[in-house]
Amino acid sequence: MVKSKYETHVMPYFDDIFFWRSHDWDLVAIAAELGIAKSTFLKYKKEYSDLSDLLKKAEKAKPRYIAIKAEAALRDKLQDREVEEVHQEQWVDKNGVVSKKHIKKIKKIIPADTTAIIFALKNTDSERWNDRNQVEISGKVGMPNPYAELTTEELRRLANAPDDG
């Protein structure tokens with residue numbers, strides 16, 4: 001019996017499909033990676049509940065992936081980083097021939113991001129670093145409502161009463 005492309009091109013790659021989709025790959029890219037057309041992939045998604053369920057679970061995992069990336073980027077910004085820039089210069093003579101090349105490497109220090117540090121401190125040690133004062137209010141707030149105890153009928157009579165003004 002001949003196996004369908006679903007069995008040969010999709011099912012064996014469920015782990016990969018989950019990873020790709022949870023890491024924000026679109027369905028076109030996933031289909032291309034599997035070697036099938038987008039229309040075929042969408043057809044399989046409708047026909048096979050196991051694929052549909054897998055894609056739904058991967059969608060739910062996306063926010064966690066984004067949070068992990070954001071946390072790593074924040075950690076990176078909390079400390080000084082060294083980067084190397086490469087500048088290449090070349091001199092060309094009258095005939096258009098490169099006569100001299102010079103490569104210059106410059107190391108730079110990117111200081112820690114102050115805003116990232118403040119954010120991290122306020123969110124990880126809020127007792128020491130939160131600059132908001134917490135105020136607790138108890139009891140009734142506002143003016144008392146003189147109509148609160150009236151029945152619906154009494155409120156209607158008051159609404160229809162002639163204005164004494």
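Is Trp 20 buried or exposed? Trp 20 is buried, because its relative accessible area is 12%, and buried means under 20%, exposed over 50% and partly exposed in between, for a 1.4 Å probe and protein chains only. Before we go on, note that this is a predicted model, in which local features need pLDDT of at least 70 and side-chain atom pairs count only at pLDDT 80 or more, while totals for chains, interfaces and linings use all residues. Residues are numbered from 1 along each chain as its sequence is written, and side-chain values use heavy atoms, with hydrogens and water left out.

Let us stay with the rings. The structure holds 4 aromatic pairs; rings of Phe, Tyr and Trp (its six-membered ring) pair if their centres lie within 6.5 Å, and planes under 30 degrees apart count as stacked, over 60 as edge-to-face and the rest as tilted. Tyr 6 and Tyr 48 are stacked, because their ring centres are 3.7 Å apart and their planes lie at 5°. Tyr 6 sits in helix α1 (residues 5-10) and Tyr 48 in the loop between α4 and α5 (49-77), so this pair ties together parts that are 42 residues apart in sequence. Helices here are DSSP runs (H or I, at least four residues), numbered from the N terminus. Tyr 6 counts as buried at 2% relative accessibility, whereas Tyr 48 is partly exposed at 27%. Trp 20 forms a stacked pair with Trp 25, at 5.0 Å centre to centre and 10° between the planes. Trp 25 is partly exposed, with a relative accessible area of 29%. Ring pairs also link Tyr 6, Tyr 44 and Tyr 48 into a cluster.

Now look at Arg 21, which is in helix α2 (residues 14-22). At 15% relative accessibility, Arg 21 counts as buried. Its side chain makes a polar contact of 2.6 Å with that of Glu 59; such a contact is a pair of N or O atoms within 3.5 Å, and within protein one must be able to donate a hydrogen and the other to accept it, with residues adjacent in sequence counting only if both atoms are side-chain atoms.

Finally, find two packed helices. Helix α3 (residues 27-34) meets helix α4 (residues 38-47) at an angle of about 100°, and their axes are 8 Å apart. Axes are lines fitted to C-alpha atoms over the stretch in contact, and angles run from 0 to 180 degrees between N-to-C directions. The angle makes α3 roughly perpendicular to α4, a label for 65 to 115 degrees, with under 35 counting as roughly parallel, over 145 as roughly antiparallel and the rest as oblique.
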